[in-house]
Amino acid sequence: MGKLLVKKSKVLKGEVEVPGDKSISHRALIFSSMGEGESIIRNFLFSQDCISTMNCLKSLGVSIEVYDSIVRVKGNGIKGFKEPENVLDAGNSGTTIRLLTGLLSGLPGVFSVITGDSSLRRRPMKRVVDPLRKMGANIWGRNNDNNPPLAIKGEKLVGESHILNVASAQVKSALLIAGLLAEGETCVTEPSLSRDHTERMFQYLGLPLKREGLTLKTHGIESYKNKDFNIPGDFSSAAFIIAAGLLVEGSKVIIKNVGINPTRTGMLDILKEAGAKFNIIDTWEDGGELIGNLMIEYSDLKAFEIKGDIVPTLIDEVPILAIIATQAKGESIFKDVEELKVKESDRIKAVVDGINKMGGKAKVIDNGFVVYGPTKLKGGEIETYGDHRIAMAFAIAGLIADDETIVESDSINISFPTFTETIKSLGGNVIELQS
């Protein structure tokens, strides 16, 4: 197992770019596979999760070539997929298994089995299985159809109206993809707005979609033509650099070419209220996505509260926000974040235990947790549960902690393969230990 050794660091300075957005990379591959003709995807994220999606689509007969840093997809159209000869492996990726379950359910006559690693096989799938069954899908799984492996026999689906209990971009996207393959109209209503990359991709590709408040409506189609994609930098990866710039005294960092889709940047809204010094110094649009350059400076921070509708816009950033909260003055409260218990790990437990082990103060509350600050952190070996966002969050904590902090690093390749090099390039004291 690879590990990172992190030591307290002096000033961080410089300009960096983060890898392409993971959510958009998954979707660009899937929609290019469903379209007709060639699609060129630039700045694709070559992470384990996105490669899992790529390999699954190749097994379904899609021609995907990689040269230099560019991905070329030759889509055969929504009726051009073939039955896979083997089990589809989604690895650790919830996006892969949930979005592809929506696609596979609507491919008449195609039988498939999709599974993942031990972490993914524990994650809940009924939230996507049940609404797809309402549309006529044939899906079976472990534990009363809640856990992978999922066996799917594709059928001609029929449009349905769905009201989601949880604001989930993955479930919403799976149902919208299924809606393109179904007869009639499919409606999806969320309790609050989750990240909207799929909706923006529908619009960019000219696919049918109407929004009425929190309800989206689409309908079945015969075909569409592919377009090229330029993937912006992943805001969820940038979040760790933002935190490092805010926490390491005297730092000033610029992050270029970052996706700043408003459904992803709730962290910036919270940090602004907490007194963080940052500026979005340029903005532009590409492929329907808002992109910008961010400048971050070391800041004295005050405590903050997260709850309600903002949670879906920063759910992946909660672990690093918890680390930031250890240095903010007062009691920072994280409510309505119970979804974190069914991510790659129980992130509430991982965050609270890790902060307390480093000498900080945090406790679990109903539907969330509390962090008290500011506290002086000390190093140690932190249990990450093989969760990439936990590993990176505590690596950033190590930059301001006394003594040495050690985290496992293999999981980081899931979303931010260049994390260590990026921190080093800014002056961070990070060493890769031999496994």
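Predicted model: local features only at pLDDT ≥ 70, side-chain atom pairs only at ≥ 80, totals over all residues.
Start with the division of the chain. Domain 1 covers 3–20 + 232–433, and domain 2 covers 22–230. Domain 1 is therefore written as two segments, under an automatic or database assignment. The C-alpha centres of the two domains lie 29 Å apart. Their contact draws 31 residues from domain 1 and 26 residues from domain 2.

Next comes the area of that contact. The size of an interface is often given as the accessible area lost when the parts come together. Here domain 1 and domain 2 bury about 2400 Å² between them. Carbon and sulfur atoms account for 45% of it. On the domain 1 side, three residues stand out: T263, E344 and I414. Together they supply 22% of the area that domain 1 buries against domain 2, more than any other three residues.

Now look at the polar side of the interface. Between the two domains, 15 residue pairs are in polar contact, with both residues at pLDDT 80 or more. Two elements, β17 (289–297) and α12 (388–398), each supply at least two residues of the domain 1 side that touches domain 2. The residues of that side divide into 8 nonpolar, 12 polar and 11 charged.

Side chains of opposite charge can pair when their charged atoms come close. The whole structure holds 30 salt bridges, and the count between domain 1 and domain 2 is 3. E344 pairs with R123, with the closest N and O atoms 3.9 Å apart. That distance counts because the cut-off for a salt bridge is 4 Å. E344 and R123 also belong to a network of salt bridges.

Turn now to helix α7, residues 197–205. How many of its 9 residues are buried? The number is 7, and the helix is mostly covered. The buried residues are H197, T198, E199, R200, M201, F202 and L205. Their cover includes the helices α1 (22–34) and α6 (169–180). It also includes the strands β12 (210–212), β13 (215–219), β14 (229–230) and β17. After α7 comes G206, with a positive phi near 75 degrees.

R200 meets D196, at 2.9 Å from N to O. Are these two residues buried or exposed? R200 counts as buried because its relative accessibility is 18%, under the 20% limit. D196 also counts as buried, at 11% relative accessibility.

E199 has its own partner. The side chains of E199 and R211 meet in a salt bridge, at 3.0 Å from N to O. This pair links distant parts of the chain: E199 sits in helix α7 and R211 in strand β12, 12 residues apart. E199 counts as buried, at 7% relative accessibility. R211 is partly exposed, with a relative accessible area of 40%.

K217 forms a salt bridge with E212, the closest N and O atoms being 3.3 Å apart. K217 is partly exposed, with a relative accessible area of 22%. E212 is partly exposed too, with a relative accessible area of 46%.

Terms used:
Residues numbered from 1 in each chain as written. Heavy atoms only, no water. Contact = heavy atoms within 4.5 Å. Buried area = accessible area lost by both parts, 1.4 Å probe. Polar contact = N/O pair within 3.5 Å; in protein donor to acceptor, adjacent residues only side chain to side chain. Helix = DSSP H or I, 4+ residues; strand = E, 2+ residues; numbered from the N terminus. Nonpolar A, V, L, I, M, F, W, Y, C, P; charged D, E, K, R; others polar. Buried < 20%, exposed > 50% of the residue type's maximum accessible area, 1.4 Å probe, protein only.
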